[in-house]
Amino acid sequence: MRVIVVGAGVVGTMHAWQAVERGHEVVHLEREAEARGASVRNFGLVWVSGRLGGEELATARRARELWERIGERVPALGFRPNGSLTAIRTELELAVAEQAMTRPDAAERGFRLLDAAETRAVNPALRGTLLGALHCERDAVVEPRTAQPALREALLASGRYTFLPGREVREVVGEHAVRDDHGQLHTGDVVILCTGAWLGGLVRELAPELPVRRVRLQMMQTDPLGEALTTSVADGDSFRYYPAFAGSALEELRAGQPQAPVADEHKMQLLMVQRRDGGLTIGDTHEYEHPFSFDVVEEPYEHLAEVAEDLLGRPLPRVRHRWAGVYAQCTDTTRVVHREQVAGGVWLVTGPGGRGMTCSPAIAETTAETLGL
């Protein structure tokens with residue numbers, strides 16, 4: 001079969017990967033010279049620990065397996081099974097972690113509750129204030145800025161993959177075909193639109209009542225830390241964000257330990273990941289109301305730096321990059337992705353939310369099976 005994939009972010013690239021792996025020919029179109037959206041403006045987290053049970057957790061666990069397999073074949077992905085620590089600094093946060101340990105799927109998530117000494121044994125860079133941490137051995141990380149080019153290089157080696165950047169798809173022509181803004185017609189046996197947060201134009205024409213919204217976030221990256229941050233790190237505010245931690249202990253946390261005003265206003269948590277060059281990617285915020293601001297604001301960065309420095313027990317290295325990103329999220333946030341046939345032979349796959357980097361290999365695998373590839 002000949003598969004046309006539109007969108008070269010991580011979701012689109014993984015759909016191309018699945019098709020090539022199954023013996024098909026792929027033509028891959030991307031409107032930019034290189035993916036520039038949420039697929040590169042993220043942490044690179046393969047995050048199992050906080051996922052909702054059922055389909056979401058199963059998808060994340062399957063994706064984690066697939067990332068590891070692909071990483072063995074494509075070392076430039078920078079796949080690292082580094083695990084994560086959610087740092088605990090108060091008794092109320094500790095109660096949430098203790099309740100999480102009683103979940104029937106705690107073992108599937110690789111949960112371990114550590115005291116302060118055990119936490120520092122796992123990650124010696126955490127020399128600041130903490131009572132302990134919730135350790136998730138199943139979490140991992142890849143390098144978001146290099147993942148797509150690395151995957152494409154491997155795909156090109158198959159001889160059954162063509163990448164066409166700088167091509168914006170403008171219309172669907174009949175069945176199984178699209179026309180780009182160069183006037184070129186691309187015909188296949190199936191077309192898969194993986195356009196990320198680009199929900200206007202052709203996507204709006206094909207799916208005017210799309211149950212997907214856009215979310216904006218702010219992040220930053222520092223100079224090299226000068227030592228290894230051996231795990232990804234989250235703060236206690238992440239308990240408020242991830243559905244795995246819902247329960248009576250979380251409600252007590254919300255009631256007895258309000259977020260800092262800036263964190264509450266910007267719907268924040270701290271996530272911190274070390275890149276292969278030693279720098280730290282730190283975030284993030286969540287903005288849901290449209291229209292989004294065109295600029296970034298400084299107060300969230302100041303809050304993130306303060307929390308990170310408290311956990312590390314040392315000043316952060318110089319911040320060298322700040323950015324905002326936008327991703328697409330299903331309005332029903334319990335859904336992993338929105339997958340819809342929008343025309344004859346044309347499918348739209350979008351809306352994984354902040355799970356795109358984590359879940360994309362499994363999302364693409366399910367699409368391939370659904371379409372009979």
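Predicted model: local features only at pLDDT ≥ 70, side-chain atom pairs only at ≥ 80, totals over all residues.
**Entry 1: strand β12**

I began with β12, which covers residues 190–193.

Next I looked up the strands paired with β12. Strand β1 (residues 2–6) runs parallel to β12 and is joined to it by four bridges. Here I noted Val3 standing opposite Val190. Strand β19 (residues 346–350) also runs parallel to β12, with three bridges joining them. In that pairing, Leu193 has Leu348 as its bridge partner.

**Entry 2: Gln274**

I moved on to Gln274, which sits in strand β15 (residues 271–274). Is Gln274 buried or exposed? Its relative accessibility is 13%, and because the cut-off for buried is under 20%, Gln274 counts as buried.

What does its side chain reach? I traced it to the backbone nitrogen of Leu229, at 2.7 Å. Leaving aside neighbours within four places in sequence, I listed the contacts of Gln274; among them are Arg80, Glu143, Leu225, Glu227 and Ala228. Leu229 is on that contact list too, along with Gly279 and Leu280.

**Entry 3: Ser360**

My last stop was Ser360, in helix α12 (residues 356–371). Ser360 counts as buried because its relative accessibility is 0%. Not counting residues up to four places away in sequence, I found Ser360 touching Val10, Val11, Met14, Trp67 and Arg355.

Definitions and conventions:
Residues numbered from 1 in each chain as written. Heavy atoms only, no water. Helix = DSSP H or I, 4+ residues; strand = E, 2+ residues; numbered from the N terminus. Buried < 20%, exposed > 50% of the residue type's maximum accessible area, 1.4 Å probe, protein only. Contact = heavy atoms within 4.5 Å. Polar contact = N/O pair within 3.5 Å; in protein donor to acceptor, adjacent residues only side chain to side chain. Pairing = 2+ DSSP bridges.
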